[in-house]
Amino acid sequence: MKLIFLAIISFSLTYCQENKDKGDEKETAKVEEPSENKSTKKAIPNYYTSGIPVYEKFEDLEPLLNIENDTTYVLNFWATWCKPCIKELPHFKELDSIYKKEKMKIVLVSLDFPKDVDTKLVEYAKENQIEDKVVVLLDGKYNNWIDKVSPEWSGAIPATYIYNRERNELFQGAFENTKDLIDVIEPFL
C-alpha cells in the first residue's frame, strides 16, 4: 500500500513539473496581469488612528483614484490648517445626505502634517461627524504625485477630484455653497 501511495505521489510530482515547464509563459502572464490592472489593486492603509485610515505614501492611496465600478467618487484634498477647506467641508457633508441613495462615495483626503493627525485632525473629524469619510495621506512629496491625480492641479488645496468609469475632472478651489457642489456632481450621476 505504501509503495502504491509513493508511486502515485512520485508520478504526480513528475507530471506536474513537466506540465509546469511547458506552460511557464502562460502561467507567468496570468499571474502578472492582475497586478498591472489598476482596478484590481486595493488601497490598503498603513495603519489607523482613531478609526481613520492613514496612508504613508501616495502609492498606497493611489488605487482610490482608479476604482472601476458603477460608483462616482468625490475625493476632496484638504487640511485642518486650510481655512477655505474647513469652510467648504459642511457642503460635502450635506452633499452626502442629499445623495445617500445614489452610487456616490465621498472621500476626504486629509493632507495634515503628521504631528497634527492625532490631535487636530482626529478631534475635528469627530466633532464634525465626518470620520467615516476621512483618510489621511502623510506623503509630503506633493510634487511627485500631484500630476498623478491630475496634470491640471496646481497643488493648492482645497481641490476636488471627481470620477467614475466614464469621466473624471478636477475642481480647484473651494466650493462656496452646496448648490455649486451639486452642479458639478450632477453630470457624473
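**Entry 1: a strand**

I began with S3 and found that 7 of its 7 residues are buried, so the strand is mostly covered, where buried means under 20% relative accessible area, exposed over 50%, and partly exposed in between (1.4 Å probe, protein chains only). Helices (H or I, at least four residues) and strands (E, at least two) are DSSP runs, numbered from the N terminus.

A note on ground rules: this is a predicted model, in which local features need pLDDT of at least 70, side-chain atom pairs count only at pLDDT 80 or more, and totals for chains, interfaces and linings use all residues. Residues are numbered from 1 along each chain as its sequence is written, and side-chain values use heavy atoms, with hydrogens and water left out.

Which residues of S3 sit on each side? I listed Thr72, Val74, Asn76 and Trp78 on one face, with Tyr73, Leu75 and Phe77 on the other, and both faces are covered.

**Entry 2: strand neighbours**

I then looked at pairing, which requires that DSSP finds at least two bridges between two strands. S3 and S4 run parallel and are joined by 7 bridges; Tyr73 has Lys105 as its bridge partner in S4. Between these strands the chain passes through H3, and this β-α-β crossover is right-handed (with the strands pointing away from the viewer, the path from the first strand over the helix to the second runs clockwise).

With S6 (residues 159–163), S3 pairs in the antiparallel sense over 5 bridges. There I noted Ala159 as the bridge partner of Phe77.

**Entry 3: salt bridges**

How many salt bridges are there? I got 8, taking a salt bridge as a side-chain nitrogen of Lys or Arg within 4 Å of a carboxyl oxygen of Asp or Glu. I wrote up some of them.

Asp70 and Lys103 form a salt bridge with their closest N and O atoms 2.5 Å apart. Asp70 lies in the loop between H2 and S3 (72–78), and Lys103 in the loop between H3 (83–98) and S4 (104–110), so the pair ties together parts that are 33 residues apart in sequence. Asp70 is partly exposed at 43% relative accessibility, and Lys103 is partly exposed at 49%.

Asp96 and Lys133 meet at 3.0 Å, N to O. Asp96 is in H3 and Lys133 in the loop between H4 (114–127) and S5 (134–137), 37 residues apart. Is Lys133 buried or exposed? At 13% relative accessibility I counted Lys133 as buried, while Asp96 is partly exposed at 21%. Salt bridges with shared partners join Asp96, Asp132 and Lys133 into one network.

Glu59 pairs with Lys148, the closest N and O atoms being 3.9 Å apart. This pair links H2 (residues 58–61) to H5 (residues 142–149), 89 residues apart.

**Entry 4: the largest pocket**

Last, I checked the open space. On a 1 Å grid over the protein atoms alone, a pocket is an open set of points where a 1.4 Å probe fits, with protein on both sides within 12 Å along at least five of seven lines; lining residues have an atom within 4 Å of a point. The largest pocket has a volume of about 160 Å³, that is, the space filled by probe spheres set on the points.

Its lining includes Asp70 and Lys103, along with Thr72, Arg165 and Phe188.
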